[in-house]
Amino acid sequence: MADVKVLVLVGSLRAASINRQLAELAVEQAPDGVELRIFDRLGELPFYNEDIDTDDVAESVVALRAAAAEAAAALVVTPEYNGSIPGVLKNAIDWLSRPWGNGALKDKPLAVVGAALGQYGGVWAHDETRKSFAIAGPRVVEDLKLSVPSKTLDDKHPRENAEVAAALRDIVGKLTVEVD
Ligand SMILES: Cc1cc2nc3c(=O)[nH]c(=O)nc-3n(C[C@H](O)[C@H](O)[C@H](O)COP(=O)(O)O)c2cc1C
């Protein structure tokens, strides 16, 4: 049987992003039969504008929607910016929400995790990302939660934190169980 594909979106474009490292860790420790793929072109998407959401839409948007269509589930890994969702991720949510009612992630299970500097690990951004995606079309799995205060990582790669690595592995496993 073909692997279950999981689209991974990262809400930070920073080269040394902790959230990107978390996403890479999720890819590394994917369960057997599951393939996680990071879509790393979110920075290339134009700002959402209905005027350009036409049959001739930008190639980066076509690529995002194709990656979403191929996937059976999605994992979103994001920091918090000013108490909310980083703009680059919100823009991707808006592109994925169209065509309205028939977006490429419609009804597919989606989990949100991430790390941020604050003591709550970005929980506001994570909650708002869940809220926004729930409106946009995917089926948000609300009880799959991981908000890592980045200080707990001690400036090391998240793979060196056994607790974080295990929690992430557990979430990916539970997310794929949600696939119809
Ligand atoms: C514009 C901006 C806004 C930020 N706002 C918050 C915030 O509201 N809460 C928080 O915990 N951290 C905030 N931070 C700190 C980020 O959580 C921290 O830089 C984190 O490492 C970014 O994720 P990354 O390592 O994946 O790039 C902010 C950082 C930036 C650059």
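My entries below go from the whole chain to the details.

**Whole chain.** I am working with a predicted model. I find five helices and five strands in the protein chain. Along the sequence I read the pattern β-α-β-α-β-α-β-α-β-α. I then checked the radius of gyration: a compact globule of 180 residues would have a value near 16 Å, and the chain has 15 Å, so the two agree. The C-alpha atoms fill a box of roughly 45 × 40 × 25 Å along the principal axes. I note that buried residues make up 46% of the 180 residues. Of the contacts with a separation of 6 or more, 79% join residues 24 or more positions apart.

**Helix 4.** I turned to residues 123-136. Which residues of helix 4 are buried? I list Ala125, His126, Thr129, Arg130, Ser132, Phe133 and Ala136. Their cover includes strand 1 (4-10), strand 3 (73-77), helix 3 (87-96), strand 4 and strand 5 (139-149). Gly137 follows helix 4, and its phi is positive, near 140°.

**Largest pocket.** I get about 160 Å³ of space in the largest pocket. Helix 1 (18-28) and strand 4 (109-116) are the elements that each give two or more residues to its lining. Among the lining residues I note Ser12, Arg14, Ile18, Asn19, Glu80, Tyr81, Ala115 and Ala116. By class, I record six nonpolar, four polar and two charged residues in the lining.

Definitions and conventions: Residues numbered from 1 in each chain as written. Predicted model: local features only at pLDDT ≥ 70, side-chain atom pairs only at ≥ 80, totals over all residues. Heavy atoms only, no water. 1 Å grid on protein atoms, 1.4 Å probe; cavity = no way out; pocket = protein on both sides within 12 Å on 5 of 7 lines; lining within 4 Å. Points joined across faces, edges and corners; volume = space filled by probe spheres on them. Helix = DSSP H or I, 4+ residues; strand = E, 2+ residues; numbered from the N terminus. Nonpolar A, V, L, I, M, F, W, Y, C, P; charged D, E, K, R; others polar. Buried < 20%, exposed > 50% of the residue type's maximum accessible area, 1.4 Å probe, protein only. Contact = heavy atoms within 4.5 Å. Rg over C-alpha atoms; globule rule 2.2 N^0.38 Å.
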